[in-house]
Amino acid sequence: MSSEVTLARVTHSEWTKLWSLRSTRWSLFVACLAMAGLGPLIAAVSMAHWNQLGEFQRLTFNPLERAMGGYRLAQLAIGVLGVMVISGEYSTGMIRSSLMAVPKRLPVLWAKLLVFSGVAFVLMLITALISFFASNAIFTEHHVNQTLSSPHALRVFAGSVLFMSVTGVFCTALGTIIRSTAGSISAYVGLMFVLPVVGDILPSSLSNAINPYLPSVAGTEVASTFHNPYTFSAWGGFALFCGYTLLAVAVAAVLLKRRDA
Amino acid sequence: MAAVIEVSGVSKRYGEKLAVDDLSFSVQPGVVTGFLGPNGAGKSTTMRLILGLDAPSSGSALVNGMRYRDLQSPLREVGAMLEARAIHTGRSGYNHLLALAQTHGIPRSRVDEVINMVGLESVARKRVGSFSLGMGQRLGVAAALLGDPATVILDEPANGLDPEGIRWIRNLLKSLAAEGKTVFLSSHLMSEMEQTAEHLIVIGKGRLIADTSVEAFVAQASSGAPVRVRTPDSAALTAALIGAGARVSAEPDGALAVQGLTTEQVGELAAAERLVLHELTPVQVSLEDAFMSITKDSVEYQQI
């Protein structure tokens, strides 16, 4: 049997690596719990107060975003795990074993991106479905009805799942560039959670010009039903986020290939 | 036969520090070659350059005639264990080996095989973080043997091991040599080399000091070694020895240390003078002493 190193084999190896760490299984469990559970929880809480809500509040109630709200928390678990997929190898020295087995190096990065974004996509798709239908079951009791064919529903649903998968890719690229776990997670949290807050503090003329370009703002347009005139369209924003991610992956690939391990 | 490892004119600079300085040597197939040098001499760096983990600043390091990174099935050709741990502590030993095996399509049965070979059956399913240093070394050796390579590179395999672990490493090296594998083994301790290595490459401060057989290395260092001689009539013998041009000094136990004459010459001189000898011994220079005498100028961090 030939024993050449192929991308398929490296992918198989990365699959084994991903599932053989307890920390990975926990992070994925937390991501799934957040994605599947938060939507129904928010639905139950808001429906408990439904009878006290006024006419206007009932009309503007957005069941879709509430049902999919879990992604706001799940993305954090996905992002952190995306970083650790590679930074964990640098902190333990495992990267040297990996690169001695695959000295061409880039297949390791491609395989990690493939395995992790694939796993994130499938798990988030399943848990998003659970959240959507469980939340709807709660809404329906109070005659708030929506289906996947409601306006924007399919797009917001798919968008949330896609945003989280691409976040995983973005964070694995960040981890490859920065290498340290703490540094990479700080960079991720800074870019995705702190920058938008800073953006909101700026004077509105400035923030309207800058905010749409922030990766978190651009990336989540696709998971949102509301758009103000300054922001990108749903898929336009998502395309920009994918562009940032591709750039990060390109930098990661060059650095992985060039740097001493 | 072509060299298995061919290092030619390799230098490696980390910022200001020149870790390896225009180093050239080759490792021949089917032989255990020792790679010696004081701590900080550049042994690990050289091994990392050979294994493609670091890129040389100049020169080239080839394995079986190719750069390591161009090998199609590297684990099948060269197995390596680096000094620093290169294992994720959260994973079990079995899964660590399995993940490495899968990159080459090496079957699970081979993973079990190498685990048995290094005697880790009972702990293979436990997290590596809970391993002792010796168990970690064994796992490193298992990873190096995974692809059944003809060449094995081991960086300080005995470092930090207890006597039992050291004996295990020694037996392992002997069995690898008996199988005809090429072994390239680094150490800053000579005692391990003495038992297994046939050829030595000695470096200090990143430069080549010696590239020679173990016997030649010891012979070179023993050339000035003394002859130990004991006689009831030290005064007469001393006078005769000095007369023959030797330098003589008294040992604490009353014996004489003679320099400048061979054992044969000392014996013949005593016979001519009709002196009784109780002992006549050529002082054996151990590899350790040879190493110390030859590398003493190259110790980077000299003890004060």
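Chain B has eleven helices and 13 strands. Please keep in mind that this is a predicted model. Of the 304 residues in chain B, 43% are buried. If we take the contacts in chain B between residues at least 6 apart in sequence, 70% of them join residues at least 24 apart.

A word on chain A and its confidence. Its mean pLDDT is 92, and 100% of its residues reach 70 or more.

The largest nonpolar core holds 145 residues, and the members that touch the most others are Ile50(B), Leu97(B), Ala142(B) and Leu146(B). Apart from that core there is another, of eleven residues, including Leu237(B) and Ala270(B).

Take Leu97(B). Beyond its neighbours within four places in sequence, its contacts are Val111(B), Val114(B), Ile115(B), Ala142(B), Ala143(B) and Leu146(B).

That brings us to helix H4 of chain B, residues 108–117, whose buried residues are Val111(B), Val114(B) and Ile115(B). Those residues lie on the same side of H4(B), because they cover an arc of only 105 degrees around the axis. Their cover includes helix H3 (93–102) and helix H5 (133–145) of chain B. On the face turned away from the buried side, Ser109(B) and Asn116(B) are exposed. After H4(B) comes Gly119(B), with a positive phi near 70 degrees.

That is where I will stop.

Key:
Residues numbered from 1 in each chain as written. Chains lettered and ligands numbered in written order. Predicted model: local features only at pLDDT ≥ 70, side-chain atom pairs only at ≥ 80, totals over all residues. Core = buried A, V, L, I, M, F, W, Y, C linked by C-beta atoms within 7 Å. Buried ≥ 20, exposed ≤ 12 C-beta atoms within 10 Å, placed from the backbone. Contact = placed C-beta atoms within 7 Å. pLDDT = per-residue confidence, 0-100. Helix = DSSP H or I, 4+ residues; strand = E, 2+ residues; numbered from the N terminus. Arc of directions from axis to C-beta.
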